[in-house]
Amino acid sequence: MYRVAVLVVTYNRKKLLLENAKAILKQTFSAFDYYIIDNNSSDGTEETIKELFLSDARIHYIKLDENIGGAGGFCYGLRLILEKEYKYTWIMDDDAIPEPNALEILVQEADKIKKDEFSYLASKVLWTDGSICLMNKCVPAKKEKKNLLYTQDRLTRIEHSSFVGCFVNNHIARQVGLPIADFFIYMDDVEYTLRLGEKAPAFYVENSIIIHKTRVNSSAGIEWAPPEKLDRYRYAYRNRIYCYRYRWKMKWLKITILYMLETWHVLRKSKSMRFKRIRIIWSGYMKGWKYNPPILFS
């Protein structure tokens with residue numbers, strides 16, 4: 001029997017991480033190792049993990065010397081995993097709570113497909129009230145667009161997904177490289193799953209379910225972001241240009257129109273700091289055209 005790697009990146013969310021850990025350790029498929037990449041948390045995460053789970057040989061806790069962002073953490077963790085013999089890697093955030101059979105269902109579906117015929121599977125991600133979690137909503141392939149939320153017990157072809165519940169075929173991952181660590185935060189999951197999908201099809205699995213305990217159920221738009229989180233959106237708008245150019249092959253005019261629409265959304269919907277939000281959008285726009293970070297391989 002092969003083993004699966006479970007990869008979680010955390011930063012100063014000890015309570016949620018503990019919920020995630022307990023849910024992972026209750027999975028009905030038990031042939032896994034659980035990798036926690038800690039972006040230098042200062043809230044006692046290290047002490048708590050070691051106290052509660054040190055005796056469990058499946059848990060591999062790595063605390064980094066600095067916060068390298070979610071993108072850096074996933075890149076670091078996946079590199080470690082791909083150097084080993086794991087067949088699949090199940091990726092998620094520290095506030096994701098999978099149902100007990102979520103991993104088993106993914107393994108069963110993956111085993112029905114030849115290793116060269118899929119790049120990743122994506123779990124169904126719900127918010128705490130049972131509705132679809134908007135920030136983790138899979139984007140279906142064009143022909144499947146009408147069917148994504150209504151499929152029952154079958155695979156649905158998708159274009160890209162988030163990292164919450166992303167079940168990666170390591171055979172394909174070794175061919176396409178790692179997530180782009182330099183992204184730091186935002187769009188690293190979109191870019192990486194698009195890149196995986198260029199190599200082999202990806203599928204949404206309706207009955208593998210994860211609850212994502214985000215603060216609110218909304219997409220991560222700058223127009224709604226609280227003032228203390230605005231600066232991180234500089235990465236989002238820079239990284240988005242990269243994805244538009246290198247993954248979707250968009251022309252500059254279409255990209256510019258999309259950023260003008262983002263500006264219009266801010267003017268219409270934002271209740272505060274409109275001009276700062278707009279400056280962030282266009283600063284990311286300008287930087288994105290020259291941005292071409294390296295893709296690393298394990």
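**Helix packing and cores**

Me: Which residues in H8 meet H9?
Reply: This is a predicted model. From H8, Ile-255, Thr-256, Tyr-259, Met-260, Glu-262, Thr-263, Val-266 and Leu-267 take part. They meet Arg-274, Arg-277, Ile-278, Ile-281, Trp-282 and Tyr-285 in H9.

Me: What's the make-up of that contact by class?
Reply: Nine nonpolar, two polar and three charged residues.

Me: And how do the axes of H8 and H9 run?
Reply: They come within 9 Å and cross at roughly 170°. Angles over 145 degrees count as roughly antiparallel, so H8 and H9 are roughly antiparallel to each other. The crossing is right-handed.

Me: What about H7 against H9, at what angle do the axes cross?
Reply: Roughly 40°, with the axes coming within 7 Å. That makes H7 oblique to H9. H7 also passes H9 in a right-handed crossing.

Me: Which H7 residues make the contact?
Reply: Tyr-233, Arg-234, Tyr-237, Arg-238, Ile-241 and Arg-245. On the H9 side, Ile-280, Ile-281 and Tyr-285 are among them. By class, the H7 contact with H9 has six nonpolar, three polar and five charged residues.

Me: Switching topic. How many residues are in the largest nonpolar core?
Reply: It has 37. Those with the most contacts inside it include Val-4, Trp-90, Leu-103 and Phe-167.

Me: Which helix gives the most to this core?
Reply: Helix H4, residues 102-111, with six residues.

Me: What does Leu-103 touch, neighbours within four places in sequence aside?
Reply: Val-4, Gln-27, Phe-29, Phe-32, Trp-90 and Phe-167.

Me: What lies apart from that core?
Reply: Another core, of 30 residues, including Val-9, Phe-74, Ile-172 and Ala-202.

Definitions and conventions: Residues numbered from 1 in each chain as written. Predicted model: local features only at pLDDT ≥ 70, side-chain atom pairs only at ≥ 80, totals over all residues. Heavy atoms only, no water. Axes fitted to C-alpha atoms, helices over the stretch in contact; angles between N-to-C directions. Helix = DSSP H or I, 4+ residues; strand = E, 2+ residues; numbered from the N terminus. Parallel < 35°, antiparallel > 145°, perpendicular 65-115°, else oblique. Left-handed = near helix turned anticlockwise from the far one by under 90°. Contact = heavy atoms within 4.5 Å. Nonpolar A, V, L, I, M, F, W, Y, C, P; charged D, E, K, R; others polar. Core = buried A, V, L, I, M, F, W, Y, C linked by side-chain atoms within 4.5 Å. Buried < 20%, exposed > 50% of the residue type's maximum accessible area, 1.4 Å probe, protein only.
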